[in-house]
Amino acid sequence: MAKKELIGICPKCSLPIELCVCESLEQEKQTITIFIDKRKWGRAMTVVNFGNQKANLKKLSKKAKGYCASGGTVKGNTIEIQGDHRRKLKKFLLNLGYTDENIEII
Ligand SMILES: [Zn+2]
């Protein structure tokens with residue numbers, strides 16, 4: 001009986017799994033932010049900041065550019081796509097398997 005109860009205990013915080021928030025805290029840390037950066041001559045750039053997410057940004061940016069039919073670059077841990085593609089890029093990330101809670105449009 002006691003053994004069975006132990007299965008539902010989180011090894012990180014030793015709270016019952018139902019009460020544990022470790023996973024949601026982890027997800028909060030991994031939020032991807034999407035925002036518009038105004039450039040010279042009023043041109044908009046959509047920036048996708050991956051924060052501390054580990055992702056193959058070179059590969060992702062290639063796909064994102066194709067998805068938005070626009071140009072773009074990788075800078076540090078961000079992908080920049082020319083034009084306002086915030087909603088499109090969110091959809092793109094959702095299609096890749098990122099969850100809605102992990103993506104924030106600012
Ligand atoms: Zn926990």
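Colleague: Where does Thr-31 sit?
Modeller: Thr-31 is in the loop between helix 2 and strand 1 (32-38). Helices (H or I, at least four residues) and strands (E, at least two) are DSSP runs, numbered from the N terminus. Bear in mind that this is a predicted model: local features need pLDDT of at least 70, side-chain atom pairs count only at pLDDT 80 or more, and totals for chains, interfaces and linings use all residues. Residues are numbered from 1 along each chain as its sequence is written.

Colleague: Which residues does Thr-31 touch?
Modeller: Leaving out residues up to four places away in sequence, Thr-31 touches Gly-51, Asn-102 and Glu-104. Contact here means C-beta atoms, placed from the backbone, within 7 Å.

Colleague: And what separates the C-alpha atoms of Thr-31 and Glu-104?
Modeller: That separation is 6.9 Å, with the two residues 73 apart along the chain.

Colleague: Why is Thr-31 called partly exposed?
Modeller: Because Thr-31 has 16 other C-beta atoms within 10 Å. The scale is buried for 20 or more other C-beta atoms within 10 Å, exposed for 12 or fewer, and partly exposed in between, with C-beta atoms placed from the backbone.

Colleague: Switching to backbone angles, what is phi for Ser-14?
Modeller: Ser-14 has a positive phi of about 50°, although it is not a glycine. Ser-14 lies in the loop between helix 1 (2-6) and helix 2 (22-29), and it counts as exposed because it has 8 C-beta neighbours inside 10 Å.

Colleague: What about phi of Ala-69?
Modeller: Ala-69 is also a residue other than glycine, with a positive phi near 50°. Ala-69 is in the loop between helix 3 (57-68) and strand 3 (72-75).

Colleague: Is Ala-69 buried or exposed?
Modeller: Exposed, because Ala-69 has 10 C-beta neighbours inside 10 Å.

Note on methods. Two residues are in contact if their C-beta atoms, placed from the backbone, lie within 7 Å.
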